[in-house]
Amino acid sequence: MDGRPQITLTATVLDAPDARELAGFYRRLLGWSATQEEDDWVVLGAPGGGAGLSFQTEKQYARPVWPAQPGQPQMSMHLDIRVEDLEAACEHATKAGATLADFQPQENVRVFLDPAGHPFCLYVD
């Protein structure tokens, strides 16, 4: 034992102008269910366990700009989502409410923006 206490990552939390709205998008995209839902806080659980996604309403939320631009709010993180069929997953993401980003840096990756502007990547191995 290395003396480190037991530590478990349970979720990534995304700020949004409306937690319920953004959680609804990720429900449609991922097919996950809410395990907790309040006015300004929603938790989606990953099927089979593991870390989930949480959403909190932030009244001062500033939509990030991607790719980064000087003097503009920058993303602080993004989600990578592996898919089997990139074309089908892109169509599904768009129908769920995502926007394809103008800048696409890699051939087997598609960068999208969720309704609050957080970038996320769909990719194939």
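What follows is a quick run through a predicted model.

Q: Pocket first. How much space lies in the largest pocket?
A: About 160 Å³.

Q: Which residues line it, the largest pocket?
A: Asp 15, Glu 58, Tyr 61, Ala 62, Pro 64, Pro 73, Gln 74, Met 75, Ser 76, Met 77 and His 118.

Q: How do the residues of that lining divide: nonpolar, polar, charged?
A: Six are nonpolar, three are polar and two are charged.

Q: Let's take Pro 64. Where does Pro 64 lie?
A: Pro 64 sits in the loop that links strand E4 (52-57) to strand E5 (79-82).

Q: Is Pro 64 buried or exposed?
A: Buried, because its relative accessible area is 13%, and the cut-off for buried is under 20%.

Q: What is Pro 64 in contact with, leaving aside neighbours within four places in sequence?
A: Pro 73, Gln 74 and Met 75, plus Ala 116, Gly 117, His 118 and Pro 119. Of these, Pro 73, Gln 74, Met 75 and His 118 also line the largest pocket.

Q: New topic. How many residues has the largest nonpolar core?
A: It has 28 residues. Leu 22, Phe 25, Tyr 26, Leu 29, Phe 55, Phe 120 and Leu 122 have the most contacts inside it.

Q: Which elements give two or more residues to this core?
A: Strand E1 (11-16), helix H1 (19-30), strand E3 (41-45), E4, E5, helix H2 (86-96) and strand E8 (119-123). H1 gives the largest share, six residues.

Q: Zoom in on Phe 120. What is Phe 120 in contact with, beyond four places in sequence?
A: Its contacts include Phe 25, Tyr 26 and Leu 29. Leu 79, Ile 81 and Ala 93 are also among them.

Q: Now the sheet. In what order do the four strands of the open sheet come?
A: E5-E8-E7-E6, with mixed pairing. E5 and strand E6 (99-100) are the edge strands, each pairing on one side only.

Q: How many bridges join E5 to E8?
A: Four, and the two strands run parallel. Leu 79 has Phe 120 as its bridge partner in E8. Arg 82 stands opposite Tyr 123.

Q: Which residues make up the covered face of E5?
A: Leu 79 and Ile 81. Asp 80 and Arg 82 form the uncovered one. In general, side chains of a regular strand alternate between the two faces of the sheet.

Definitions and conventions:
Residues are numbered from 1 along each chain as its sequence is written. This is a predicted model: local features need pLDDT of at least 70, side-chain atom pairs count only at pLDDT 80 or more; totals for chains, interfaces and linings use all residues. Side-chain values use heavy atoms; hydrogens and water are left out. Buried means under 20% relative accessible area, exposed over 50%, partly exposed in between (1.4 Å probe, protein chains only). Contact means heavy atoms within 4.5 Å. On a 1 Å grid over the protein atoms alone, a cavity is a set of points where a 1.4 Å probe fits but cannot get out, and a pocket is an open set with protein on both sides within 12 Å along at least five of seven lines; lining residues have an atom within 4 Å of a point. Grid points are joined across faces, edges and corners, and a volume is the space filled by probe spheres set on the points. Ala, Val, Leu, Ile, Met, Phe, Trp, Tyr, Cys and Pro count as nonpolar, Asp, Glu, Lys and Arg as charged, and the others, Gly among them, as polar. A nonpolar core is a set of buried Ala, Val, Leu, Ile, Met, Phe, Trp, Tyr and Cys residues joined through side-chain atoms within 4.5 Å. Two strands pair if DSSP finds at least two bridges between them.
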